[in-house]
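I opened my notebook beside the viewer today. Here is what I looked up, in the order I got to it.

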Amino acid sequence: YHLITFKPDPAPYSSSFIHDEKWLDFDCMQTWKSVELIYPMVTHDYNLKPVKPVLMAEGAYEQGSEYGFDVSPLWIRRQAYCSYLAGAHHTYGHNDSWRVLPTWKQALDAPGAVQLGILKKVFLGLSEWWYLVPDQSIFAIGGQTQGQILNLAARHKDSTWVMVYLGSRASFSINMDKIVAAKVDARWIDPKTGNSTAAGSFLNTGTQSFSSPEGWEDAILILESSGP
């Protein structure tokens, strides 16, 4: 059995006209340089019936020369984390690889590629990461689902952990009852380096305010149950 999808180039996304086709195993989209389209497109497809997996198949490629701006490692991270926390899988591309330039081997170790390796480790470090459920009601204050720089949240289906991605420096509040436990441990992860630092322990009542670490371009906050 071979999985089949349709990759639009660049639009519309596949669900807009062939979602109900039985041969279409998962929906696919290409946002190109428009990172602001990732959240609304993925959210639309994630909520469709019949349920099908969603793939953000192509955003802006690292060091791409055709977009009119510098596709930095930060831009690469924003595309990826926003895709996953909205409920989709994600693919990465580099200018030198798809053009098969003489430097394509060096591009395998480009900063953005290495930092998406950190993304993988972050998700693998969560218990049953594949049960991620996008849930923007986790934010009491500070969620952002519109524009190019987003603050998104998701949780385990049984609410044993919460993951928050902040596309830039941010202050925000979390509804602590989104985690099923008496006590919650919080930690920051720098998506650029993978470095982790404790962010405190809290009761899961009311709301809790956070500010991402100073000097970080973007940030991940993990909240996990620390007791029954």
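Predicted model: local features only at pLDDT ≥ 70, side-chain atom pairs only at ≥ 80, totals over all residues.

I began with β9 and strand β12 (residues 219-225), which pair in the antiparallel sense over 6 bridges. Here two strands count as paired if DSSP finds at least two bridges between them. Strands are DSSP runs (E, at least two residues) and helices are too (H or I, at least four), both numbered from the N terminus. Across this pair, I found Arg-187 opposite Ile-222 in β12.

Residues are numbered from 1 along each chain as its sequence is written, and side-chain values use heavy atoms, with hydrogens and water left out.

Next I checked the cover on β12: 5 of its 7 residues are buried, meaning under 20% relative accessible area with a 1.4 Å probe, protein chains only. I also saw that strand β7 (residues 161-166) runs antiparallel to β12, joined by 6 bridges. Val-162 stands opposite Leu-223 there.

**The rest of the sheet**

Which order do the strands take? I read β4-β6-β7-β12-β9-β10, an open sheet of 6 strands with antiparallel pairing. Its edge strands, each pairing on one side only, are β4 (132-134) and β10 (196-203).

I noted Ser-196 in β10 as the bridge partner of Ile-189. β9 and β10 make a hairpin with 6 residues between them, and Gly-194 in the turn has a positive phi of about 85°.

**The largest pocket**

I then looked up the pocket, and Leu-132 turned up again: it is among the residues nearest the centre, with Tyr-46, Gly-87, Ala-88 and His-89, in a lining of 13 residues. A pocket is an open set of points on a 1 Å grid over the protein atoms alone, where a 1.4 Å probe fits, with protein on both sides within 12 Å along at least five of seven lines; lining residues have an atom within 4 Å of a point.

**A helix to finish**

How many residues of α6 are buried, and which? I listed Gly-112, Ala-113, Gln-115, Leu-116, Ile-118, Leu-119, Val-122 and Phe-123.

Methods: Buried < 20%, exposed > 50% of the residue type's maximum accessible area, 1.4 Å probe, protein only.
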